[in-house]
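Hello,

Here is the structure I promised to hand over to you. Have a look at it first, and then read on for what I found in it.

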Amino acid sequence: MTNEKIIEVEQLMKIFGSFHAVDDISFDVKRGEIFGFLGANGAGKTTAMKMLTGLLSPTSGKATVAGFDVYKETEKIKKTIGYMSQKFSLYGDLTVKENIQLFGGIYGLKNKVIKAKMHELLGRLGMENSANALIDSLPLGWKQKLAFSVAMLHDPSIIFLDEPTGGVDPVTRRQFWEMIYETAHNGTTIFVTTHYMDEAEYCDRISMMVDGKIAALGSPDELKKGFNAQNMDEVFVGIAREGKVLK
Amino acid sequence: MRTILFLVRKEFLQVFRNKGMLPIIFVMPVIQLMVLSFAADFEIRNLKYYWIDKDQSEASRLLRNKLDASGYFILSGTSMNTEDANLALEDGVTDLVFEIPADFERDLIRESRSSIQLNVNAIDGSKAGLGTFYANQIVQDLAQELRTEYLSRLKFEPVKFQQINTTYSFWFNESLNYKTFMVPGILVMLVTMIGAFISAMNIVREREVGTIEQLNVTPIKKHQFIIGKLLPLWVIGLFEFTIGLIVARIVFGITSEGSLMVLYTFASIYIVMVLGLGMFISTFTETQQQAMFISWFFLVIFLLMGGLFTAIENMPQWAQTITLFNPVRYFIEVVRLVMLKGAGFWDIRSQFLVIASYAFVINSLAVWNYKKVA
């Protein structure tokens, strides 16, 4: 992790009608960091992430991702980032191989590169024998690991994970986080939303969102100390239920 | 360019792997073309008529003989009483009532004008219209005959009377075979339906499943995405059209009088238009159901007002004006012109221009309304 800021957000807002989905948030993420975005359902995590990935235009405020402006340079942002959403995002009616070829092709990788990456990726996931299996026929845990690897295919400098471990068993979640660690270790910045509090412990820094605002921001240890809590669960309940705010 | 190739490949893989799609593309058009073409028979024969002859003259007997001999009419009853005939008409026992007034023949010869009354059951408008038309022809025919016969009896008339003779010949469809007329129209209907449905469904389906979000965070450009979607569907559309032409030839023996090049040139643009319509619908719908119902709304109007089931000339003026905005109308015109009349490209240039502009406008709207957002 370096001190170089790769995501900078200042007073970012997204208003739908009279609903402030994201209400004046400011934070930054450093290169190589695992940045956790926590909050209850409907707290505005996904909306915030969509603005950073260029899927949604902000109402006001400033933000840059890898140095690119989220208003004007969304296409440049899209080239630099990887994205994996909570809604499962590979094509279920295509095989593992076909999905890898498709996304490799979309990101402009050469056929030779795609082939090499596919070989390496399948080897790492131990899925050599499933290359020609339809995605729909794979167990959920495999699908998610695969989706993560496909999102990393073009070596993005930041990867956005929107509740990547939803509905997965604890063992697979553990393995999934090992993949995340490995990726971060290689210098990729990880921006992850989750509502599993144990996963929050794995992050370098966390921002807790409540009703569109950032209620707390810091490393897991800082937060636990600040709230006088044993674990992240208590921190979360303190913020979400009792409205405590850490400045 | 390479990105588009990857997208096209993906689209074809998905279509051929979809067990629900394949029969829709390969089997449905053949079945529909056969069933609809055999069923949509508008020929009218054996109209039942009721005969009231208050004249009982040679002329009235002649008229009845002519009706019977025409092949269009069958006697359902006869009476001297108008009430009986009206009852038969009300009960649906008969389609038309001929009432020959007393002095029919006398008036015809002396005053050279006479009238008969014709009552028609007009619940089925086209049947009533055609029936009246046939009856009228036969009566005119009779009048002509009687007049010449009468004139020839006059002693002091050595001058040869010029006889007016109406003969019919039906151009471009000599045997008056309805299938020749219907099959090209039904073919247009199929291409329109399949084109609009598959393009609307295809994009909305990606939205439903969530894969479109994944594509939207990639650096794919809008035009790449749209061409990547439309190109495979366009090929499928032309393929449908070809299946239709083959069925028309093998099953109905209908071959194109005009050049296939002209036909395919027009079809290519037309399919771009239809796919654009489906895509435009998909840009403002969230689910396949919504897309289905909205497509259906447009298609029902387009198809019923396309000139296939009701001749456009028979529509009220305001409806005719509406059909000017109906792309199906132009394609049906063109397919009939080319296949039956052998029209060349120059003959269909105005229809081509209309469809090309239509394709341009609807696709621009679709591209404009398609946002690369979640």
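**What I found**

Chain B has a radius of gyration of 28 Å, whereas a compact globule of 374 residues would come near 21 Å. The radius of gyration is taken over C-alpha atoms, and the globule rule is 2.2 Å times the number of residues to the power 0.38.

Before going further, some notes on how to read all this. This is a predicted model, in which local features need pLDDT of at least 70 and side-chain atom pairs count only at pLDDT 80 or more, while totals for chains, interfaces and linings use all residues. Residues are numbered from 1 along each chain as its sequence is written, chains are lettered from A and ligands numbered from 1 in the order in which they are written, and side-chain values use heavy atoms, with hydrogens and water left out.

**Chain B as a whole**

Taken along the principal axes, the C-alpha atoms of chain B fill a box of roughly 95 × 45 × 35 Å. Chain B has 15 helices and four strands; helices (H or I, at least four residues) and strands (E, at least two) are DSSP runs, numbered from the N terminus. Of its 374 residues, 46% count as buried. Here buried means under 20% relative accessible area, exposed means over 50%, and partly exposed is in between (1.4 Å probe, protein chains only).

The accessible surface of chain B comes to about 19400 Å², and 62% of it belongs to carbon and sulfur atoms. These areas come from the Shrake-Rupley method with a 1.4 Å probe; for residues, only the protein chains shown count as cover. Chain B has 32 positive and 32 negative charges, and their mean positions are 14 Å apart. Lys and Arg count as positive and Asp and Glu as negative, without His and the chain ends, and the place of a charge is NZ of Lys, CZ of Arg, CG of Asp or CD of Glu.

Is Thr323(B) buried or exposed? Thr323(B) counts as buried, because its relative accessibility is 0%. Leaving aside neighbours within four places in sequence, Thr323(B) is in contact (heavy atoms within 4.5 Å) with Met305(B), Ile312(B), Met315(B), Arg329(B) and Tyr330(B).

**Chain A as a whole**

Chain A has nine helices and 10 strands. Its radius of gyration is 18 Å, close to the 18 Å that the globule rule gives for 247 residues, so chain A is as compact as a globular protein of that length. The C-alpha trace of chain A spans about 50 × 40 × 35 Å along its principal axes. Buried residues make up 57% of the 247 residues. Chain A exposes about 11000 Å², with carbon and sulfur atoms supplying 49% of it. For its 29 positive and 31 negative charges, the mean positions are 4 Å apart.

**Places to visit in chain A**

Start with helix α1 (residues 45-52), which is mostly covered: seven of its eight residues are buried. Among them are Lys45(A), Met49(A) and Leu52(A). After α1(A) comes Gly54(A), with a positive phi near 85°.

Which residues other than glycine have a positive phi? Asp24(A) is one of them, with phi near 60°; Asp24(A) is found in strand β2 (residues 19-30) and is partly exposed, with a relative accessible area of 41%. Ala66(A) is another, with a phi of about 55°. Ala66(A) is found in the loop between β4 (60-65) and β5 (68-69), and counts as partly exposed at 24% relative accessibility.

Then look at Leu140(A), in helix α5 (residues 140-151). Leu140(A) is partly exposed, with a relative accessible area of 35%. Leaving aside neighbours within four places in sequence, Leu140(A) is in contact with Gly166(A), Gly167(A) and Val168(A).

**Where the chains meet**

How many residues of chain A are in contact with chain B? There are 31, and they are in contact with 27 residues of chain B. Between them the two chains bury about 2600 Å², 56% of it on carbon and sulfur atoms. Buried area is the accessible area (1.4 Å probe) that two parts lose on being put together, summed over both. In chain A, Leu55(A), Tyr91(A) and Ile106(A) lose the most area to chain B, together 25% of what that side buries.
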